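Thanks for coming, everyone. Please have a look at the structure on the screen, and I'll walk you through it.

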Amino acid sequence: MSRKGKGRGIIRTAVANLDREKKDHYILVIQAKDMAGQLGGLSGSTTVTITVTDINDNPPRFNQKLYQLSMPESAAVGTTVGRVKAEDIDLGQNSEMTYTLKEEDGSDRFSVITDTEAQEGIIILRKPLDFETKRIHSLLLEAVNKHVDPQFENLRSFKDWTSVRVMVKDVNEPPVFISQANVINVQEDAHVGSVIGSVTAQDPDITNSPIRYRTFHSA
């Protein structure tokens, strides 16, 4: 591990692959002896601390392979649906990652942005939800290392995936008139209580509750 030459002790590595994630430092006690180390020579010692620096040799990994989130159908566009997080045991910029949304059945209705401080993916609502039309949206999210070391690029994939299931919650919605503008002609000599026409509204909710009509105002 050490060798003398011209008054210097040369410290060399004794193993093929150091791994910072398993052991990030080593403490050595180095002894120097005069008289070429022969019996009777004097010695002195010093302590050397060796710190193993990080390289980007680990990919991001999702500990959770399925996220189940819920969102009311009344949620406004731009609302945060939820967050996902992959872990990277490297340090600093070697652990930085970007989150992207892959093509799935909900990819047109949602988007994802990367929180660079928390290293999390934030899922954002892009289009309105409708419980009556679609109750479950499935997403596939990818986490990719931003700074891949070329010497490891061909050895492994520096990305990982997780699935997200967004459950749409029903919200009680008001009835909708089939026609928003109605024109009815009535003769001026019509009797009180005569039927002069009708209007129709529908309840968009899945329960299809009974509808009651009343006159709000007249001009």
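I'll go from the whole chain to its sheets, and then to a few single residues.

First, the ground rules. This is a predicted model, where local features need pLDDT of at least 70 and side-chain atom pairs count only at pLDDT 80 or more, while totals for chains, interfaces and linings use all residues. Residues are numbered from 1 along each chain as its sequence is written, and side-chain values use heavy atoms, with hydrogens and water left out.

Now the chain. Helices (H or I, at least four residues) and strands (E, at least two) are DSSP runs, numbered from the N terminus. Of the 219 residues, 26% are buried. Buried means under 20% relative accessible area, exposed over 50%, and partly exposed in between, with a 1.4 Å probe and protein chains only. The accessible surface is about 15,700 Å², and carbon and sulfur atoms account for 51% of that. Those areas come from the Shrake-Rupley method with a 1.4 Å probe; for residues, only the protein chains shown count as cover.

Contacts next. A contact means heavy atoms within 4.5 Å. Take contacts between residues at least 6 apart in sequence: 65% of them join residues at least 24 apart.

On to the sheets. Two strands pair if DSSP finds at least two bridges between them. Four strands form an open sheet, in the order β5-β11-β10-β7, with mixed pairing. Its edge strands are β5 and β7 (97-101), and each pairs on one side only. Ignoring direction, neighbouring strands in this sheet are turned by 30° against each other on average. For those angles, axes are lines fitted to C-alpha atoms, for helices over the stretch in contact, and angles run from 0 to 180 degrees between N-to-C directions.

Look at β11, residues 159-169. Strand β5 (residues 66-72) runs parallel to β11, with seven bridges between them. Met71 has Val168 as its bridge partner, and Pro72 has Lys169. Strand β10 (residues 136-145) runs antiparallel to β11, joined by nine bridges. There, Leu140 is partnered by Ser163.

Which side chains of β11 are buried? Asp160, Thr162, Val164, Val166 and Val168 are buried and point to one face.

Phe158 sits in the loop between β10 and β11. Its relative accessibility is 5%, so Phe158 counts as buried. Leave out residues up to four places away in sequence, and Phe158 still touches a list that includes Asn56, Pro59, Pro60, Val144, Val148 and Phe152. Asn145 is also among its contacts. The C-alpha atoms of Phe158 and Asn145 are 5.8 Å apart, with the two residues 13 apart along the chain.

Three strands form an open sheet in the order β6-β9-β8, with antiparallel pairing. At the edges stand β6 (80-85) and β8 (110-115); each has a single partner strand, so one side of each lacks a neighbour in the sheet. The twist averages 25° from one strand to the next. Five bridges join β6 to β9 (residues 120-125). In one of them, Thr80 pairs with Ile124.

Gln119 lies in the loop between β8 and β9. At 13% relative accessibility, Gln119 counts as buried. Beyond four places in sequence, Gln119 touches Lys85, Ala86, Ser95, Glu96, Met97 and Tyr99. What about the phi of Gln119? It is near 55°, a positive value in a residue other than glycine. Most residues other than glycine have a negative phi.

Last, a charge over a ring. The charged end of Lys23 sits over the ring of Tyr26, 5.2 Å from the ring centre. The criterion is NZ of Lys or CZ of Arg within 6 Å of the ring centre and within 35 degrees of the ring normal.
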